[in-house]
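Open the model in your viewer and keep the selection tool at hand. The stops follow below.

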Amino acid sequence: MSRLEGQRIIVIGAGSGIGAATVRRLAREGARVCVADINMEGARTVAQDVCDSGGEAHAIAIDLADAPSVTDAVTSSVERLGGLDGAHINAADLRVIMEDSDAQTVSLDVFDRTIDVNLKGHLLCTRALLPHLLVNKRGAIVYTSSSAADAGEPVRPSYAMSKSGLNALMRHVASCYGAQGINANSVAPGFVLTDEMESSGHLTDDIKDYMLSRIPGTRLGSPDDIAGMVAMLLSEDGRWINGQVFNVNGGALMR
Ligand SMILES: NC(=O)c1ccc[n+]([C@@H]2O[C@H](COP(=O)([O-])OP(=O)(O)OC[C@H]3O[C@@H](n4cnc5c(N)ncnc54)[C@H](O)[C@@H]3O)[C@@H](O)[C@H]2O)c1
């Protein structure tokens, strides 16, 4: 498959899970990929895997909660790639999600951290990326949202607000810059079982069975399910898709 042959793409939040699977998928389809993450060990491992498989990738450090870090990381990755054709902004701080309780009790530190990384950080990335995409008069941005944005859950209000806000940012980018050749879309995963979740030991068989019982299907989601959608949206096949949220959730939430 060479749908992305020679495309220069940055994946932000790519040191593990869905972002790592997306890097591997994009590289398999021919893209040259920058693997950006706060977790440099993870980012280096993912980039090395791609290179060992004959692809092209390099790792770079980025912290979405730190504006200069975002600008520096984007500038150096664009220099290294020799330009930019697309981006997948996927990072989220999921360490605080278990404390994201409800509207009455959630600590403002948890709320602030969630919004800083999952929402403000995405605005910072968008600002840093856009000039490099606009210069080509074409380019694609895919954001990772979540089904939590629309699910109306009784828990994790900060996370849901951050992802809902992210969809609003995506629609703004699509409408403001579409006529200049930019398309922006969100992928909203349902529950996706990552290697890191498996190895954490927190996911018992009972929890997995419960998650599966909520899906009209035969298996849970994998990071590759999301990576395939991102690759399509970043490719020529996605050129006439703009301003949309794609639910990739095995049918857990139907719209
Ligand atoms: N796995 C799921 O079930 C699921 C469901 C819906 C949405 N999502 C979304 O998918 C995306 C990826 O999640 P995942 O499940 O692969 O988890 P993950 O923790 O493996 O991926 C998140 C990545 O973001 C990075 N990150 C965290 N804080 C950062 C910061 N300040 N700056 C830069 N990078 C930072 C992490 O190091 C990690 O590599 C997230 O946006 C998450 O909200 C996941």
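Select helix α4 (residues 108-134) and helix α6 (residues 157-177): they pack at about 15°, axes 9 Å apart. Helices here are DSSP runs of H or I, at least four residues, and strands are runs of E, at least two, numbered from the N terminus. Axes are lines fitted to C-alpha atoms, for helices over the stretch in contact, and angles run from 0 to 180 degrees between N-to-C directions. α4 and α6 are therefore roughly parallel (angles under 35 degrees). Show side chains at the contact (C-beta atoms, placed from the backbone, within 7 Å). Among them are Phe111, Ile115 and Leu119 of α4 and Tyr159, Leu166 and Leu169 of α6.

This is a predicted model, where local features need pLDDT of at least 70 and side-chain atom pairs count only at pLDDT 80 or more, while totals for chains, interfaces and linings use all residues. Residues are numbered from 1 along each chain as its sequence is written.

Next, colour the sheet. It is open, with seven strands in the order β3-β2-β1-β4-β5-β6-β7 and parallel pairing; strands pair if DSSP finds at least two bridges between them. β3 (56-61) and β7 (245-248) are the edges, each with a single partner strand, so one side of each lacks a neighbour in the sheet. The twist averages 20° from one strand to the next.

Zoom in on β4 (residues 86-89) and β5 (residues 139-144), which pair over four bridges. Isoleucine 89 has tyrosine 143 of β5 as its bridge partner. Now bring back α6: it lies across β5, β6 (182-189) and β7, at about 160° to β6.

How values were computed. Angles under 35 degrees count as roughly parallel, over 145 as roughly antiparallel, 65 to 115 as roughly perpendicular and the rest as oblique. Two residues are in contact if their C-beta atoms, placed from the backbone, lie within 7 Å.
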